[in-house]
Amino acid sequence: MDSTIAQKTWELENNILAVEAPDPSSDFIFYYDEVAQAMSLKAKPWANDPHFFKRVKISALALLKMVIHARSGGTIEVMGLMIGKTDGDAIIVMDAFALPVEGTETRVNAQADAYEYMVDYSQTNKQAGRLENVVGWYHSHPGYGCWLSGIDVSTQMLNQQFQEPFLAVVIDPTRTVSSGKVDIGAFRTYPEGYKPTDDPISEYQTIPLNKIEDFGVHCKQYYALNISYFKSSLDCHLLDLLWNKYWVNTLSSSPLLGNGDYVAGQLSDLAEKLEQAENHLTHSRIGPLGTSRKKEESHLGKITRDSSKITVEQAHGLMSQVIKDILFNSVRQSK
Amino acid sequence: MASSSSSGLTFKLHPLVIVNISDHYTRVKSQLSLPPSLTSTSSAATSNNNNNNSNGGENNQNPPPRVYGCVIGVQRGRTVEIFNSFELIYDPSTRSLDRSFLEKKQELYKKVFPHFYVLGWYSTGSDAHESDMHFHKALMDINESPLYVLLNPAINPAQKDLPVTIYESELHVIDGVPQLIFVRSSYTIETVEAERISVDHVAHLKPSGGSAATQLAAQLTGIHSAIKMLNSRIGVLHQYLVGMQKGDIPCESSLLRQVSSLLRRLPAIESEKFQDDFLMEYNDTLLITYLAMFTNCSSTMNELVDKFNTTYDRHSRRGGRTAFI
């Protein structure tokens, strides 16, 4: 079919690494080997190396559940736990479930309430045949990007002391819907006082002005892990078939209409940042000092990148609207 | 046993349920069949052999296990929307359903999703069996007319349709004895935007980030495949109509009526208000693009001015315009 040819060409041009091919041997990832898990829990190779875990593999089911839960919260932060296992330097997330707590600034306390729910849920899961353990927590940052706030960092450091191995995942459902691709990040904190030897270059993302301080103060205390996804052969098959029913939704989705508020918020935030940058520029006008020049450049440079990102998303949304208009509104009688 | 349903309910199924059931099945299946080597990564030869063995006959010893679970969702009027599902413990040999487990799970899910309630149950297999009726009846005290969602886990590459069927139960009088039998119902797939994006993400593995060119390519590829599907579907209809015109296919007026009503719905919207709103949206996007270009320009200008100032440093000892050494 033409769409598969187009997809393959595009994948080739962009060096997409195909995920494990959907043959039954890849389903072995679903097998829970209790002996091996117990052995690695005893050995604790992560205790000596703060940078031990480098990769995260998330199952299709876990991703779906987390994104849907995050989106259902609207503008309120929601959180939940992830179940899985470890595999060498990778943490594998098999499933996720939501916790009945609402996100507030005092989320550390809320976690205590959720323990009973977590214990009940884990017990019922083990009975039903899901043998893995809780391996991390996820929460949503609706509209302000995937990073760990100050409270998140302290919660995660606590978790990493007592509940190893533990992973923190952040999802932004608003940006997911607006940009059309899943906005997710996986993090692990460094223990107190540990200085990372090299600064890993993380992907740039725009942070709204009211959160940028919180981001800046703590951004050196944790590192991001690479995320990859996996699905079983049956999942592959079902998802392919699902596309036969899905194409209607792809065509009919209108991201512009759904995200008008978010875009307006982004633009006003950008305006504030511009004002700030202008203040910086006027203050250090005399004699460009080496370091301050770099800061101004990167201020304005960042703002430029933000504005182009917003524009690109808007343009994409408008493109689909125009295409739909051409398809369904301009009807001509052909001979 | 399965004729078409007459209850008139419309069913909407979310993809999360399908992925849930498939995951449950894969887990149970992989726990039962031991991977060839546990300690080290097995050599390709042995693993392939074992795979072929387990796939060819689909049974090392036993047929693929059946998994059971509960589906939850909302029913509003005539529309039943199935959102989520969870596993249940059921022993087919003794036909006993673990009630306490079911209740516990229900409680847990009620806390997080207060609007959902039990709509029915699911299982895997190729067809609905008589024995399934027992499970069905067991659930009847929670929901008077539960649904039965059946997923066929056999991977058939030639298959075009989703191997998921929804059955309802109806009271029919057979041979003078009133019996409950399963009747098949049709359903549609319903999704929210976030669900669609994550399913898309996992199914087609689009790259996250990357330059604007790759993002554009990704967006357009998606729309292109959707339009391709639309085109092929319309092609099918067109062939059918041509065949009817030629006389190869007997005329069916109900279908013709549907096609003509579909055609009459185009153009979709033609009011003036729509045009106004559409143009306003268009103008807004153009404005944003203009703004972004402006910001880009001013940032470049700023850099230029800075570089100029560095090159012609007025505060240097030599003073005036000298070459920067």
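## A loop residue of chain A: Ser149

A:S149 is found in the loop that runs between β4 (133-140) and α5 (150-162) of chain A. The structure is a predicted model. With a relative accessible area of 10%, A:S149 is buried, because the limit for a buried residue is under 20% relative accessible area. Setting aside residues up to four places away in sequence, A:S149 touches A:H141 and A:D214.

Another loop of chain A, the one between α7 (209-218) and β7 (222-230), holds A:Q221. Is A:Q221 buried, partly exposed or exposed? A:Q221 has a relative accessible area of 28% and is therefore partly exposed, since that class lies between the limits of 20% and 50%.

The side chain of A:Q221 makes a polar contact of 2.8 Å with the side chain of A:H218. Beyond its neighbours within four places in sequence, A:Q221 is in contact with A:V153, A:M157, A:T189 and A:Y190. A:N125 stands 96 residues from A:Q221 along the chain, and the C-alpha atoms of the two are separated by 34 Å.

## The two chains

Chain A contains eleven helices and seven strands, while the secondary structure of chain B consists of eight helices and ten strands. Of the 335 residues in chain A, 50% are buried; of the 325 residues in chain B, 36% are buried.

In chain B, the corresponding share is 62%.

In soluble globular proteins, nonpolar side chains tend to be buried together. In this model the largest nonpolar core has 120 residues, and those with the most contacts inside it are A:I58, A:M66, A:L167, A:V169, B:I18 and B:I82. The element α8(A) supplies the largest share of this core, with nine residues.

What does A:I58 touch, not counting residues up to four places away in sequence? The residues touched by A:I58 are A:L63, A:M66, A:V93, A:I184, A:I227, A:S228, A:Y229 and A:F230. A second, separate core comprises seven residues, among them A:V263, A:L300, A:I303 and A:I310.

## The interface between chains A and B

The size of an interface is often given as the accessible area lost when the parts come together. Between them, chain A and chain B bury about 9600 Å², with 70% of this area on carbon and sulfur atoms. The contact involves 96 residues from chain A and 98 residues from chain B.

How many salt bridges are counted between chain A and chain B? The count is one salt bridge. This salt bridge joins the side chains of A:D120 and B:K104, with an N to O distance of 3.3 Å. Three residue pairs, with both residues at pLDDT 80 or more, are in polar contact between chain A and chain B.

On the side of chain A that touches chain B, the elements giving two or more residues are α1 (2-13), α3 (60-72), α4 (107-128), α6 (173-179), α8 (233-252), α9 (255-258), α10 (260-283) and α11 (290-329) of chain A. The element that gives the most to this side is α11(A), with 23 residues. By class, the side of chain A that touches chain B has 53 nonpolar residues, 27 polar residues and 16 charged residues.

Conventions
Residues are numbered from 1 along each chain as its sequence is written. Chains are lettered from A and ligands numbered from 1 in the order in which they are written. Side-chain values use heavy atoms; hydrogens and water are left out. Contact means heavy atoms within 4.5 Å. Buried area is the accessible area (1.4 Å probe) that two parts lose on being put together, summed over both. A salt bridge is a side-chain nitrogen of Lys or Arg within 4 Å of a carboxyl oxygen of Asp or Glu. A polar contact is a pair of N or O atoms within 3.5 Å; within protein, one must be able to donate a hydrogen and the other to accept it, and residues adjacent in sequence count only if both atoms are side-chain atoms. Helices (H or I, at least four residues) and strands (E, at least two) are DSSP runs, numbered from the N terminus. Ala, Val, Leu, Ile, Met, Phe, Trp, Tyr, Cys and Pro count as nonpolar, Asp, Glu, Lys and Arg as charged, and the others, Gly among them, as polar. Buried means under 20% relative accessible area, exposed over 50%, partly exposed in between (1.4 Å probe, protein chains only). A nonpolar core is a set of buried Ala, Val, Leu, Ile, Met, Phe, Trp, Tyr and Cys residues joined through side-chain atoms within 4.5 Å.
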